[in-house]
Structures are given as C-alpha cells and as structure tokens.
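Here is a short briefing for a first look at this structure. Start with one residue, then widen the view.

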Amino acid sequence: MRDYLNLILANSGTLTFEEIVMHILLSAIISIMIYISYWYTHTGTNYSKKFNVSLVTLTILTGTVMTVIGNNIALSLGMVGALSIVRFRTAIKDSRDTTYIFWAIIVGICCGVGDYTVASIGSLVVFVVLLLLGRVRNDNRFLLIIKARNEHNLEIEKTVSQYFGNKAVLKVKNTTKNQLEYIYELTRNVYDKAHYNEKSIMDSLYELSNVEYVNVVSQSDEING
C-alpha cells in the first residue's frame, strides 16, 4: 500500500511559477466578465454587491485549488474529503444566481488545469447569452386580492366576472364565519385593459358595501427562501 501511494506521489505533476501565475491571473480576468454580466443583467430588487464580489473570489479560489491539485490523485481525494464535511445553506433568491455560481466554479476549474481556451470561449458564449436574455423577467402576472364581508361573495364574483370574464383565474378563496378573501391571477394585458376603463375594477369593488380592501400585487421570479 505504501509503495502504491509513493507511486502516485511520484507521478504528480509540478508547475512552474509562470504557469501558476497564469492560472490564477486568467481566473481573475474572466471573473471580471462574470462580475460585469451579473451586475448588468440583474433586474431584481435583491441585488447584492457582496454576492457579486463573492463570484469573483469564488472563481479565483477554485482556480487556485485546481492549480494545487493538478493531476495529484492523493490531493484530489483529500480535497473531496475536506469539502464533503462543509454544508452550504445560502438561500438562492433568484434562480439565475445558481447559473453564475456554476459559471464561476467551471471557469476556475478550466483555468486551474490550464484550459484557457475552453474557459474563454465558454465564458464569452455565456456572457452573450445572458446579455441578450438575462434581463428577461416574468412580470406579466398580477394577483387581485379582495377581502370583504362573507355575505357579499356573489356580488364580488359577479363584478370580477364583468371586468375580466373567465380570464381571471381564482387561485385562493379563504373564508371565515364573517369574512372572505379572494385571490385572482391575471395577466398584465387583461388587467391593463380593464384598469383603464371608465371605472376601474377597484372603484367598482369599493362601491360594494363592506369591502375591507382591494390589493393588486405584481408577481416576480424571485424565490423565497
């Protein structure tokens, strides 16, 4: 067993100082591209500059780790064992954040093993795709929330039907002994068309007696942790 380990260590490659500098320097340069892409394409309200800086450092650290491991099997097994005991519980608020985390790790791996061409071309393609599509948001949905006295449910349903027809999808209906709450889902086009009528849906609902409140909430793609 000891002879086998000595054989593994003997076959481990060594890098020159220039190669080490190139691995880490290229990781840092491409990580700036990741930083710019995340900063420009992020459209949510929860933009975190700290998270964006973490992407840069994650890329550099991954490249550094891969430079240390190289083709050393013993070190790679030890690194896997060390990382297996670490648990990451960071809540991802935007599904695109996962893409950036994997992008940073993959760039670090490629630069750490010296595949600069793969890292550069792959990052350029991802950068262009996110530049074109990264600012797309699914904000075309609204929630119409109505709370009123329980005996006025038929009047509320009739009013909503008059404005939106069958295009208002009832998602939730909460009832108690004295009160009820409706939650309808609407598309932006349907809501805008009805909202700019001579009388808005909210004005019509408030004309009904004992309507406590009418709220309109825009849905977003953010993931709540």
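Trp-103 counts as buried, at 6% relative accessibility. Buried means under 20% relative accessible area, exposed over 50%, and partly exposed in between (1.4 Å probe, protein chains only). This is a predicted model: local features need pLDDT of at least 70, side-chain atom pairs count only at pLDDT 80 or more, and totals for chains, interfaces and linings use all residues. Residues are numbered from 1 along each chain as its sequence is written, and side-chain values use heavy atoms, with hydrogens and water left out.

**Aromatic cluster**

- Rings of Phe, Tyr and Trp (its six-membered ring) pair if their centres lie within 6.5 Å; planes under 30 degrees apart count as stacked, over 60 as edge-to-face and the rest as tilted.
- The count by this rule is five aromatic pairs.
- Tyr-38 and Tyr-100 form an edge-to-face pair, because their ring centres are 4.9 Å apart and their planes stand at 90°.
- Tyr-38 lies in helix H2 and Tyr-100 in helix H5, so this pair ties together parts 62 residues apart in sequence.
- Tyr-38 is buried, at 3% relative accessible area, and Tyr-100 is buried at 2%.
- Tyr-100 and Trp-103 make a tilted pair, with centres 5.8 Å apart and planes at 35°.
- Both Tyr-100 and Trp-103 sit in helix H5, three residues apart, about one turn of the helix.
- Ring pairs join Tyr-38, Phe-51, Tyr-100 and Trp-103 into a cluster.

**Helix H5**

- Helices (H or I, at least four residues) and strands (E, at least two) are DSSP runs, numbered from the N terminus.
- At 1.5 Å a residue, the 18 residues of H5 (95-112) should span 26 Å, and the end C-alpha atoms are 27 Å apart, which agrees.
- The expected span is 1.5 Å times one less than the number of residues.
- Its buried residues pack against helix H2 (17-41), helix H3 (49-69) and helix H6 (116-133).
- Contact means heavy atoms within 4.5 Å.
- Gly-114 follows H5, with a positive phi near 90°.

**Sheet**

- Four strands form an open sheet in the order E2-E3-E1-E4, with antiparallel pairing.
- Strand E2 (169-175) and strand E4 (211-218) are the edge strands, each pairing on one side only.
- Two strands pair if DSSP finds at least two bridges between them.
- E2 and strand E3 (residues 179-187) pair over six bridges.
- Val-169 stands opposite Glu-185 in E3.

**Whole chain**

- The protein chain has nine helices and four strands.
- Buried residues make up 30% of its 225 residues.
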